[in-house]
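Here are my notes for your review.

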Amino acid sequence: MAVLTWLAMACDPGGDSPPDGATSITTSPPTAGTAGSDGDPGSDGGNDDSDPADTSAGPGPDSGADDDSSGPDTQGDTEGDTQGDTEGDTGPDPATVLFEEDFEGAADDTVPTGWDSFVGYVVNMNNEPGGMAYALADSSRPHQGTKSLHVLGGQSPAMLTRPFPPGVDRVYVRVYVWLTGKLGQNPGNNHETLIGVRASVGQANDEVRFGEIKGVIGTNEVPSDDISPTMDQWGQGPVIEAGVWNCVEVAFLADQPNHEVVAWNNGQEVHRVNDPSQWNNGGGLGAQFLDGKFNEFIVGWHSFSSFSNEIWFDDLVVATERVGCN
């Protein structure tokens, strides 16, 4: 199967936080708690992330994308498949793979075995097809095979999660991604999460989030709510395009003095943060920003800009070495 690898001043206004009273409830073993604030200190003049009804935050989905209501993608299923770099073309060493998912074994409108859902800040609830937010396997747009993960999210998170094995401090993610709204070059947007690692299982208040910050591809850490890259790059490229399959790789590396997040799209590097100077807010986040974060893996969509997106993910691999795009 195909494979997946793994920021103006003081900060954002008062909280990339769940709606008041939101709790994290689980029907699986006791991993969930109350979904708290992610600790946005002060104000950067952006949107109030705690207001679910905020609609002032920049553009919605990319108008150039295919109309998702038209059914399965019949163009570009191979776009991105042949653009990847040559590193890892023979696939990962099986000994380095922590887990992988092609969604083929899941019935339509279900969560694959071994995964939990995190929808509307709640674990293993609220995840229904046709809802305002969901993260479910279905056959509407596979990258290959017959199934993929279909995600609809916005201010309300829509994700799948999975625990890491003990002792992990180095993770490479690779996944094929089809977006309705592009990442990058979205001036006015705030924070958007696509893939991340999380300390607080079943909650969104202690995590490192890769996706978009201030309209540029980047990383957000909470509870500091610091963001990278810095203000001079906000709203700019590069871009992870809408309407095509993209091979997205993200590395979360804590096995070195300066922790690092690196991302590639179709084999080309699109983001890197590995030094305290690359964080925007100057809040003393420090070089070891991934400490304690490798408890839970997250994939899906969560916007703190009221930026709704419909996304398909397929052929995911999470490993301790880079996977590549073959």
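1. A salt bridge is taken here as a side-chain nitrogen of Lys or Arg within 4 Å of a carboxyl oxygen of Asp or Glu. The model is a predicted one, and the contacts discussed below should be read with that in mind. With this criterion, Glu260 forms a salt bridge with Arg272, the closest N and O atoms being 2.4 Å apart. The two partners come from distant parts of the chain, with Glu260 in strand 13 (residues 260–265) and Arg272 in strand 14 (residues 268–273), 12 residues apart. Glu260 counts as buried at 8% relative accessibility, whereas Arg272, at 33%, counts as partly exposed.

2. Arg272 also has a salt bridge with the side chain of Glu269, for which the N to O distance is 2.7 Å. Glu269 is partly exposed, its relative accessibility being 42%.

3. The count of salt bridges comes to 11. Among them is the pair of Arg170 and Glu321, whose closest N and O atoms are 3.4 Å apart. Because Arg170 lies in strand 7 (residues 170–179) and Glu321 in the segment after strand 16, this pair ties together parts that are 151 residues apart in sequence. Glu321 is partly exposed, with a relative accessible area of 37%. Elsewhere, Arg198, Glu207, Arg209 and Glu296 are linked in a network of salt bridges.

4. Turning to the strands, eight of them form an open sheet in the order 3-2-6-15-8-9-10-11, with antiparallel pairing. Strand 3 (122–123) and strand 11 (226–228) stand at the edges, and each has a single partner strand, so one side of each is left without a neighbour in the sheet. Within this order, strand 6 (residues 158–163) and strand 15 (residues 296–303) run antiparallel and are joined by six bridges, with Phe297 of strand 15 as the bridge partner of Arg162.

5. How many residues of strand 5 are buried? Five of the six residues of this strand (residues 148–153) are buried, so strand 5 is largely enclosed by the rest of the structure. Strand 5 pairs in the antiparallel sense with strand 4 (residues 134–138) over five bridges, and Leu152 in strand 5 is the bridge partner of Tyr134. Strand 5 also pairs in the antiparallel sense with strand 16 (residues 309–319), over five bridges, where Val151 stands opposite Ile311 of strand 16.

6. The largest cavity has a volume of about 40 Å³. Of the 10 residues that line this cavity, Asp116, Val123, Thr161, Gly202 and Glu296 are the closest to its centre. Strand 2 (residues 116–119) gives the most to the lining, with three residues. By class, the lining is made up of three nonpolar, four polar and three charged residues.

7. A last point concerns the loop between strand 8 (191–198) and strand 9 (207–213), in which Gln203 lies. Is Gln203 buried or exposed? Its relative accessible area is 15%, and Gln203 therefore counts as buried, the cut-off for that class being under 20%. The side chain of Gln203 makes a polar contact with the side chain of Asn205, at 3.2 Å.

Methods. Residues are numbered from 1 along each chain as its sequence is written. This is a predicted model: local features need pLDDT of at least 70, side-chain atom pairs count only at pLDDT 80 or more; totals for chains, interfaces and linings use all residues. Side-chain values use heavy atoms; hydrogens and water are left out. Buried means under 20% relative accessible area, exposed over 50%, partly exposed in between (1.4 Å probe, protein chains only). Helices (H or I, at least four residues) and strands (E, at least two) are DSSP runs, numbered from the N terminus. Two strands pair if DSSP finds at least two bridges between them. A polar contact is a pair of N or O atoms within 3.5 Å; within protein, one must be able to donate a hydrogen and the other to accept it, and residues adjacent in sequence count only if both atoms are side-chain atoms. On a 1 Å grid over the protein atoms alone, a cavity is a set of points where a 1.4 Å probe fits but cannot get out, and a pocket is an open set with protein on both sides within 12 Å along at least five of seven lines; lining residues have an atom within 4 Å of a point. Grid points are joined across faces, edges and corners, and a volume is the space filled by probe spheres set on the points. Ala, Val, Leu, Ile, Met, Phe, Trp, Tyr, Cys and Pro count as nonpolar, Asp, Glu, Lys and Arg as charged, and the others, Gly among them, as polar.
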